[in-house]
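The exercises below are to be worked with the sequence and the model at hand. Each task sentence is followed by a solution in steps.

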Amino acid sequence: MDIAQVENAINIAWDHTSPPDIKQQALAFIHQLRTDPASWQVCLPLFVQDRQPPDNTRHFLLDALNNSIKSEQVENQARLYIKETLWMYVRKKYGTGSPDDTADSLVIRNKLTQTLTFLFTTLYASGWESFVDDFLDLAGNGSLGRTNISGTALYLRTLESIHDEIADVMIPRTPEEAKRNADLKDLIRARDAQKVSQSWQEILANWRSLDLNIVQMCLRVLARWVSWVDISLVVNETVLQPLLDMAGQQGLKDHSSLEVKVRDAAIDAISETAGKKMVPPAKVQLLEFLNLSTVVGQLIASPPLAELKGTPDYDVDLAEAVAKLVNNVMRDTISVLDTSGVDDQTLQKADALLQIFVPYLLRFFSDEYDEVCSTAMESMTELLGYFRKLGKKEALPQRYATMLPAILNAIIKKMEYDETASWGEEEDQTDEAEFLELRKRLHVLQQNVAAIDEQLYMDTLTNLVANTLNKLGAGSNEINWRELDLALYEMYLFGDLASKNKGLYAKREPSSVAAVRLVEMMTRMMESNVDTYNHPAIQLQYMELCARYIQFFENSQSFIPKALDVFVRYAHHPREKVRAKSWYLFLRFVRGLRGHLGEVSQTIIQAIGDLLTIKATLPVDRDDDSEDEDDDSEVDPGRDPHFDNQCNLFEAIGCISSNSSLPMETRLLYVQSVMNPIFADMEQTLPAVKSGDERAQMQLHHDIKALGTLVRGYTDWMPGVKTSTPPPPEVSAEFLRAAEAILIALESLSSSQLIREASRFAFARLIGGCGVSLFPQLPRWVDGLLTNSSSKIETVFFLAQLKQVMFVFKAEMFGVLDVILSPLLQRIFTRLGESPEGTDDEIQLNDLRKEYINVIGVILNNDLAGVLVSTRNQGYFESVIATIEHFARDPSDLALARTAFGVLTKMVSVWGGPDTAIQVNPNSETPASPTSIPPQPVLPGFDQFIITRFSPLSWSIPATPGFKVQDPVSRQLVAEIAQLQQEILKKTGALYLASIEQELRGMGAADADVNLYLEKLRADPKSFKDFLIGFLGRGR
């Protein structure tokens, strides 16, 4: 391999002007070079040569060199040669007196550091024992950072890289890597840790006169290494005093200056030192020695954190660094207190530290900047967890109990929107999302406080809400929207306590003290003028509370009209976000109170009638700004965000109309008042859809879905899901009109996927609205929904709906199922016979197989088996059997095969006739002779059919290569096979015993095995299943 050839290939690969074909060859060549363990023989001399190629070439050379160093195929002697050659280059480039104009670029320095690190991991144990000494000589030991800045920087950068390679706990390691790293750390501690520590001390002792970049790098190395070297190497006067001096620097105003970066790095080094893992007594001794309470107190009192707090010049980075330090101290102190077996003196010292640091923790937890608060969140969680654990054993000690009010107030205060927040603005969406996520985490902390001291929690929140509402009552201009939002949000969270276990009420009385408090809060809110406060956040919180606490309105029905009036008002809100959310919350409200709306129903329907006009929009009509990130119109062509929200109103009208206290004429009138305009719109739109108008097609799609949504709102009865009663016949007749209107549209436009999707949506809901009266229409639904252009997934969805209907109505739908089965099977078999195109199509085909075989199972299990062999459908009987046999033989999907065997067993049970008794002599070691009672199958000849067709399937999959009977799925399959064989035996008796004996002998089974098999076949199901698993597992 020629060096010039390699250099040329690399240059061509990185040159964007290279011809594509030549560039492709060059890329293939250098890829092969990178992975070739012997590539170092070319890459090393090319990297260290005097005439240096471009940086991208040199970066690639080092990358290939790294792969060679790590490769097990490279001998140690080769690595030593690489080390010697590369070290000569390093001394030349980074040694004392090297000219600055020959220095490597930053990207090459970083890559070279990585290469040196890999040489360290492979040679430090044997081959480069002088690694640290060599680097110290290079950097100028005794004058580090002064005589050779570039050498000192390379030394520190390499130490940092070594930590990342062998000691970073965040990087997952293999067991081999973990052992290697542990051995290397032991070697460093034994050989060179003292020397490394002395180099830190030398740099830190002279930090005021050195390049601050060197000082910052030294601090980063110290912060990393302290976690795994002896603590005495860091905790000594020579190191600590400079750290404290740097951390306590005053008058630093330029947040981007090196001085500030050094200060923050020093604080981080102190934090990592304080956070070092140690046994409890040593940990407490360390924290006391570091005198961190004084350090933190001075930092908090410094101008950047005290005088400048609340101003634009507030030092957030410093606050976050000190918060990390406080968090580490608090976390470790709590760990000591929570550790069993710790001596009393250590516990007392830890307790004293805790009491000192809790105010510091609250200072940063309460910081106006959320990133600072989040830094302190871990130890706040640990603290409350510790208090909660103590409180379960006995009463929380008074010294800790007195801390809780300040902690709870801090949590509540952090839940308030920041003063700079502008709610709902597009440019602030990310900040708002982060704040809402913070609120969730704060809620968890608040729940912990409630678990520790429920009375404190209730009193604090009750007072907060009462004071806020009182302030509002004094004049809405006296209160900020953030305060009111906080009070309403806390009311919402209070329900977690008030409604737990028993709900808000028990026997029409509040179920707990917390429930009493919440009822009082809700009463105050409903009696106040909160609903008139003109801010969208308050309006949304108001509606959320009404929708959540339905039980309150059930027991305080006098407030229902006001709440409905507010919902109607907000439903017409000029702001889309409020308007859309109000429609959804309005639905939740009326759904829960449908039986209590009474005479106000008509007023409500009239008041929101203007919002029910459907006006379809296409993606091109919508403003980019108004489309949410989840707008997947390309995936779902029928998606229309405005109409999706509008559906909540149609469902709400259905709920209101279903009020059983209303006269039937009134309920019909409400339903018709919504349906008739939709019918008229469908009739008017249909011609335009037929002519290819895309907007008209979307309009018709929405009309159909609106009808289905109205039905869903009226009744929550669904086959197999809900237990409530179906709607009265008069209402079902109206819904049948809707079904007819949809069918007319579907039959005219069955080639439109969009119309089929809407019709399928409506059909699923009309089943509950129409019940058995929908059955005469089922053949038309099959023809319309399952056309030649219907996809596999559409067929899957329809079969799933049909299963529900069969499960609920059973024999009632025998007649209509008999009519639709043949055309349905024809469409299913057509789709099953199609070759999949791509992964998605393969998934849909598998789903269709499962749904098809499940439908056959439902037919057999619900007294509908006769349709499979009726005069109308018997022509498809053989195809049904053949497909199930195919699935039972398919080893690629054992779960489907298992289901297929279950269906075959059910067929034997249904059509095999009465059981044929077999007399067994329990004392005999050989099979007894069966009785002479012949089989009596329901279907003539079915006894021979199941013996010759079903029984041989038992051996198909178990005989395939790779079948492992001990796998869980395989064991389940064998259990179904065992059940099938025993079911055949019950129905055919002696015929089957003779047949399976022949099958076993044909497979080469010995007489003893055959006799044992026949004996176990007649045993109880569990015994035979266990036997069959062992029988099929022999020889594998």
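**Exercise 1.** Which element gives the most to the lining of the second largest pocket?

Before starting, note that this is a predicted model, in which local features need pLDDT of at least 70 and side-chain atom pairs count only at pLDDT 80 or more, while totals for chains, interfaces and linings use all residues. Residues are numbered from 1 along each chain as its sequence is written, and side-chain values use heavy atoms, with hydrogens and water left out.

Step 1. A pocket is an open set of points on a 1 Å grid over the protein atoms alone, where a 1.4 Å probe fits, with protein on both sides within 12 Å along at least five of seven lines, and its lining residues have an atom within 4 Å of a point.

Step 2. The second largest pocket is lined by 32 residues, and those nearest its centre are Glu368, Asp370, Asp418, Glu419 and Thr420. Two or more lining residues come from each of α18 (370-393), α20 (404-414) and α21 (429-452), where helices are DSSP runs (H or I, at least four residues) numbered from the N terminus.

Step 3. The answer is α21, which gives 7 residues.

**Exercise 2.** Sort the lining of the second largest pocket by residue class.

Step 1. Asp, Glu, Lys and Arg count as charged, Ala, Val, Leu, Ile, Met, Phe, Trp, Tyr, Cys and Pro as nonpolar, and the others, Gly among them, as polar.

Step 2. On that scheme the lining holds 16 charged, 8 polar and 8 nonpolar residues.

**Exercise 3.** Is His163 buried or exposed, and which residues does His163 touch?

Step 1. His163 is located in helix α8, which covers residues 149-166.

Step 2. Buried means under 20% relative accessible area, exposed over 50%, and partly exposed in between, with a 1.4 Å probe and protein chains only; His163 counts as buried because its relative accessibility is 7%.

Step 3. With contact taken as heavy atoms within 4.5 Å, and residues up to four places away in sequence not counted, His163 touches Asp168, Arg224, Trp225, Ser227 and Trp228.
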